[in-house]
Amino acid sequence: MISRRTFLTSVFACCLSILVWCHFATPALALGGKLPPVNQPAPQFTLPTNTGDGEVSLSDLRGQWVVLYFYPKDFTAGCTLEAKRFQQDLPKYIDKNAQIIGVSADSIDSHAEFCDSEGLKFPLLADTTGEVSKAYGSWIGVVSMRHSFLIDPDGILRETFVKVNPAIHSTEVLARLEELQKNTV
């Protein structure tokens, strides 16, 4: 029989090993699947939305930067916080010629209610089958993972974010967008 101290030490070591593995795991093999490669064309998509003419395609957004962020579910705490932060920073993104697009498996009706409830002024896309989330390595079971992607005006994927903290994520994306834009001028 092992002592309580030995057992707890073993559990701690196991948990620490898992955390280290998660931290150093290559982002190309994120939890949601294989991520699309950076500096290559971003996977194309067309999905229904709660705003505008009813659909948004990546090809419609050529000529501007795209912040494509995937999130699990409307009206949940983390997703609401992340969306509010993007909304708070929306004028800064607009000044940088960037369009924010949110994607989850929720329906168009759920997105419309979520936007109305939280005052969101950017489109949310309904990926109810998970097809687009899978193409971006952001699908797990029945929901999208919290991943984000920066796509340049030519449709090239320039940055991937897989370890997202909803409270500070918009600030991180904005800083990286500024950095990328400085390097392309």
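Helix H2, residues 77–95, and helix H5, residues 169–184, have axes that come within 8 Å and cross at roughly 30 degrees. Helices (H or I, at least four residues) and strands (E, at least two) are DSSP runs, numbered from the N terminus. The axes are lines fitted to C-alpha atoms, for helices over the stretch in contact, and angles run from 0 to 180 degrees between N-to-C directions. Please note that this is a predicted model, in which local features need pLDDT of at least 70 and side-chain atom pairs count only at pLDDT 80 or more, while totals for chains, interfaces and linings use all residues. Residues are numbered from 1 along each chain as its sequence is written, and side-chain values use heavy atoms, with hydrogens and water left out.

Which residues of H2 and H5 meet? From H2 come Glu 82, Arg 85, Phe 86, Asp 89, Lys 92 and Tyr 93, and from H5 come His 169, Ser 170, Thr 171, Val 173, Leu 174 and Leu 177. Contact here means heavy atoms within 4.5 Å. The residues of this contact divide into 5 nonpolar, 3 polar and 4 charged. For that division, Ala, Val, Leu, Ile, Met, Phe, Trp, Tyr, Cys and Pro count as nonpolar, Asp, Glu, Lys and Arg as charged, and the others, Gly among them, as polar.

Let us consider Glu 82, in helix H2. Glu 82 is buried, because its relative accessible area is 1%; buried means under 20% relative accessible area, exposed over 50%, and partly exposed in between (1.4 Å probe, protein chains only). Not counting residues up to four places away in sequence, Glu 82 touches Tyr 69, Tyr 71, Arg 146, Ser 148, Val 164, Pro 166 and His 169.

We turn to H5 itself. Its buried residues are His 169, Ser 170, Val 173, Leu 174, Leu 177, Leu 180 and Gln 181. Seen down the axis of H5, these buried residues fall within an arc of 130 degrees, so they line one face of the helix. The arc is that of the directions from the helix axis to the C-beta atoms. The face turned away from the buried side of H5 carries the exposed residues Thr 171, Lys 182 and Asn 183. Among the elements covering the buried residues of H5 are H2 and strand S5 (65–70).

Helix H3, residues 108–118, has Ser 110, His 111, Phe 114 and Cys 115 buried. They cover an arc of only 135 degrees around the axis, and therefore lie on the same side of H3. Exposed Asp 109 and Asp 116 are on the face turned away from the buried side. Just after H3, Gly 119 takes a positive phi of about 70 degrees.

Finally, the aromatic rings. The structure holds 10 aromatic pairs. Rings of Phe, Tyr and Trp (its six-membered ring) pair if their centres lie within 6.5 Å; planes under 30 degrees apart count as stacked, over 60 as edge-to-face and the rest as tilted. Why is the pair of Tyr 69 and Phe 122 edge-to-face? The ring centres of Tyr 69 and Phe 122 are 6.2 Å apart and their planes stand at 65 degrees, so the pair is edge-to-face. Tyr 69 lies in strand S5 and Phe 122 in the loop between H3 and S7, so the pair ties together parts that are 53 residues apart in sequence. Both Tyr 69 and Phe 122 are buried. Phe 86 and Tyr 93 form a tilted pair, 6.0 Å centre to centre with 50 degrees between the planes.
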